[in-house]
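User: I am new to this structure and would like to learn how to read its features. Please take me through them step by step.

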Amino acid sequence: MKSINIGEAELEIMKTVWKAKKPLTSVDIGLMVEDKGWKKTTIATFLTRLTEKGALTAEKQGKLYYYAPAITEKEYKKSQVKNLIKTLYNGSVREFALSFFEEKMLTDKDIEELTAIFNEEE
């Protein structure tokens, strides 16, 4: 899967659509993100961009377009992590993982859980 570059505000739209688990109209989406204070035209711009980027599909039913995710949240996260590792860590997963240890970002419980996952994979 090719990496789709989604901006921070566009990601808020994607999270809304992923969470809904059903196609939504721009009005539905607008109501779900009204705390952002975005105008209808701003939301429409985000929806157009996300559709052009291949992150959303738009299907016209009557006078309304229904938007649905073209990629899953898991697929998006996976592509972003791969891109991050490639860009910032020269493709080294080891260096990426080490950065968490060096910054003391992992708790003992995190380490236990990760160890269990690695042991299951072997």
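**Reading the features**

Analyst: A network of salt bridges links Glu10, Arg49 and Lys53. The model is a predicted one.

User: What is the idea behind a salt bridge, and how many does a search of the whole structure find?

Analyst: Side chains of opposite charge can pair when their charged atoms come close. In this structure the search finds 7 salt bridges. One of them joins Arg94 to Glu95, with the closest N and O atoms 3.2 Å apart. Arg94 is exposed, at 57% relative accessibility, and Glu95 is partly exposed, at 38%.

User: How does a helix bring such partners together?

Analyst: An α-helix has 3.6 residues a turn, so residues three or four places apart point the same way. Lys15 and Glu12 are 3 residues apart in helix H1, about one turn of the helix. They form a salt bridge whose closest N and O atoms are 3.8 Å apart. Lys15 is partly exposed, with a relative accessible area of 40%, and Glu12 is partly exposed at 24%.

User: Which residues form a salt bridge at 2.7 Å, N to O?

Analyst: Those are Glu113 and Lys109. They lie 4 residues apart in helix H6 (residues 108–121), so about one helical turn separates them. Glu113 counts as partly exposed, at 40% relative accessibility, while Lys109 counts as exposed, at 55%.

User: What span should helix H1 have at 1.5 Å a residue?

Analyst: Helix H1 has 13 residues (residues 8–20) and should span 18 Å; its end C-alpha atoms are 19 Å apart, which agrees. Just after H1, Lys21 has a positive phi of about 60°.

User: Which residues of H1 are buried, and what covers them?

Analyst: The buried residues are Glu10, Ile13, Met14, Thr16, Val17 and Trp18. Their cover includes helices H2 (26–32), H3 (40–53) and H4 (73–88), along with strands E1 (56–61) and E2 (64–69).

User: How many residues are in the largest nonpolar core?

Analyst: That core has 18 residues, and those with the most contacts inside it are Ile6, Ile13, Met14, Ile29, Leu47, Leu50 and Leu56. H1 and H3 each supply at least two residues of this core. Leaving aside neighbours within four places in sequence, Met14 is in contact with Ile6, Leu50, Ala55, Leu56, Pro69 and Ile71.

User: How many bridges join E1 to E2?

Analyst: In a regular strand the side chains alternate between the two faces of the sheet. Here E1 and E2 run antiparallel and are joined by 6 bridges. Ala58 stands opposite Tyr67 in E2. The hairpin has 2 residues between the strands, and Gly62 in this hairpin takes a positive phi near 70°.

Terms used
Residues are numbered from 1 along each chain as its sequence is written. This is a predicted model: local features need pLDDT of at least 70, side-chain atom pairs count only at pLDDT 80 or more; totals for chains, interfaces and linings use all residues. Side-chain values use heavy atoms; hydrogens and water are left out. The expected span of a helix is 1.5 Å times one less than its number of residues. Buried means under 20% relative accessible area, exposed over 50%, partly exposed in between (1.4 Å probe, protein chains only). Contact means heavy atoms within 4.5 Å. A nonpolar core is a set of buried Ala, Val, Leu, Ile, Met, Phe, Trp, Tyr and Cys residues joined through side-chain atoms within 4.5 Å. Two strands pair if DSSP finds at least two bridges between them. A salt bridge is a side-chain nitrogen of Lys or Arg within 4 Å of a carboxyl oxygen of Asp or Glu.
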